[in-house]
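Reader: I have not looked at this one before. Can you put it up and take me through how the parts sit together?

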Amino acid sequence: MNGPAEGDLAYFLDADLAVLAREPAGYARYTQQIRAEYAHVEDSDWCAGRPAVMQRFLDADQLYFNNGTRAAWEERARANMSAELTAIATTPLKA
């Protein structure tokens, strides 16, 4: 999303991205579920596309719109996504 979100929209968007701030084990389960949802995507395409999506989030000035949500979740969400990028980059593709 470009620009700020306010009011109910800000709360909705923050709630939608709450999964990014799960504890690391919960985030790992989430990434497994997302990969299963996109099982039809070849590994090589996944390993190019998923990092591009995660990098767009990481490039944003902020992930969350409400100050309280940002204070509680931003750091962990960024750490989770960075760890996911590292895992994708260092995991060999299946032959």
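**Salt bridges and helix packing**

Author: Aspartate 43 has a relative accessible area of 26%, so it counts as partly exposed. Bear in mind that this is a predicted model.

Reader: What does the side chain of aspartate 43 meet in a salt bridge?

Author: Its partner is arginine 35, at 2.8 Å from N to O. Arginine 35 is buried, because its relative accessible area is 18% and the cut-off for buried is under 20%.

Reader: How many salt bridges does a search of the whole structure find?

Author: Four. Another one joins the side chains of arginine 50 and glutamate 84, at 2.7 Å from N to O. Arginine 50 belongs to helix 3 and glutamate 84 to helix 4, so this pair ties together parts that are 34 residues apart in sequence.

Reader: Are arginine 50 and glutamate 84 buried or exposed?

Author: Both are buried. For arginine 50 the relative accessible area is 9%.

Reader: And what else is arginine 50 in contact with, neighbours within four places in sequence aside?

Author: Besides Glu84, arginine 50 is in contact with Tyr27, Tyr30, Thr31, Ile34 and Ile88.

Reader: Which residue does arginine 78 meet in a salt bridge?

Author: Glutamate 74, at 2.9 Å from N to O. Glutamate 74 counts as buried, because its relative accessibility is 9%.

Reader: Changing topic to the helices. At what angle do the axes of helix 3 and helix 4 cross?

Author: At roughly 155 degrees, and the axes come within 10 Å. Angles over 145 count as roughly antiparallel, so helix 3 and helix 4 are roughly antiparallel to each other.

Reader: Is that crossing of helix 3 and helix 4 left-handed or right-handed?

Author: The crossing of these two is left-handed.

Reader: Which residues meet there, between helix 3 and helix 4?

Author: Helix 3 brings Trp46, Cys47, Arg50, Pro51, Met54, Gln55, Phe57 and Leu58, and helix 4 brings Arg78, Met81, Ser82, Glu84, Leu85 and Ile88. By class, that contact of helix 3 with helix 4 has nine nonpolar, two polar and three charged residues.

Reader: Phe57 is in that list. Is phenylalanine 57 buried or partly exposed?

Author: Phenylalanine 57 counts as partly exposed, because its relative accessibility is 27%. This residue lies in helix 3.

Reader: What does phenylalanine 57 touch, not counting residues up to four places away in sequence?

Author: Phenylalanine 57 touches Leu17, Leu63, Arg78 and Met81.

Reader: Where does threonine 31 stand relative to phenylalanine 57?

Author: Their C-alpha atoms are separated by 15 Å, and the two residues are 26 apart along the chain.

Reader: Back to helices, then. How do the axes of helix 2 and helix 3 cross?

Author: Helix 2 covers residues 24-37 and helix 3 covers residues 43-59. Their axes come within 12 Å and cross at roughly 130 degrees. Helix 2 and helix 3 are therefore oblique to each other. Helix 2 passes helix 3 in a right-handed crossing.

Reader: And which residues make the contact?

Author: On helix 2 they are Tyr27, Tyr30, Thr31, Ile34 and Arg35, and on helix 3 they are Asp43, Trp46, Arg50 and Met54. By class, the contact of helix 2 with helix 3 has five nonpolar, one polar and three charged residues. Arg35 and Asp43 are the salt-bridge pair we began with.

Reader: That leaves helix 2 and helix 4. How do their axes cross?

Author: At roughly 55 degrees, with the axes coming within 10 Å; helix 4 covers residues 67-90. That angle makes helix 2 oblique to helix 4. Helix 2 passes helix 4 in a right-handed crossing.

Reader: Which residues of helix 2 and helix 4 meet?

Author: Pro24, Tyr27 and Thr31 in helix 2 meet Asn80, Met81 and Glu84 in helix 4. By class, the contact of helix 2 with helix 4 has three nonpolar, two polar and one charged residues. Glu84 is the salt-bridge partner of arginine 50, and Tyr27 and Thr31 are among the residues in contact with arginine 50.

Methods
Residues are numbered from 1 along each chain as its sequence is written. This is a predicted model: local features need pLDDT of at least 70, side-chain atom pairs count only at pLDDT 80 or more; totals for chains, interfaces and linings use all residues. Side-chain values use heavy atoms; hydrogens and water are left out. Axes are lines fitted to C-alpha atoms, for helices over the stretch in contact, and angles run from 0 to 180 degrees between N-to-C directions. Helices (H or I, at least four residues) and strands (E, at least two) are DSSP runs, numbered from the N terminus. Angles under 35 degrees count as roughly parallel, over 145 as roughly antiparallel, 65 to 115 as roughly perpendicular and the rest as oblique. A crossing is left-handed if the near helix is turned anticlockwise from the far one by less than a right angle, and right-handed if clockwise. Contact means heavy atoms within 4.5 Å. Ala, Val, Leu, Ile, Met, Phe, Trp, Tyr, Cys and Pro count as nonpolar, Asp, Glu, Lys and Arg as charged, and the others, Gly among them, as polar. Buried means under 20% relative accessible area, exposed over 50%, partly exposed in between (1.4 Å probe, protein chains only).
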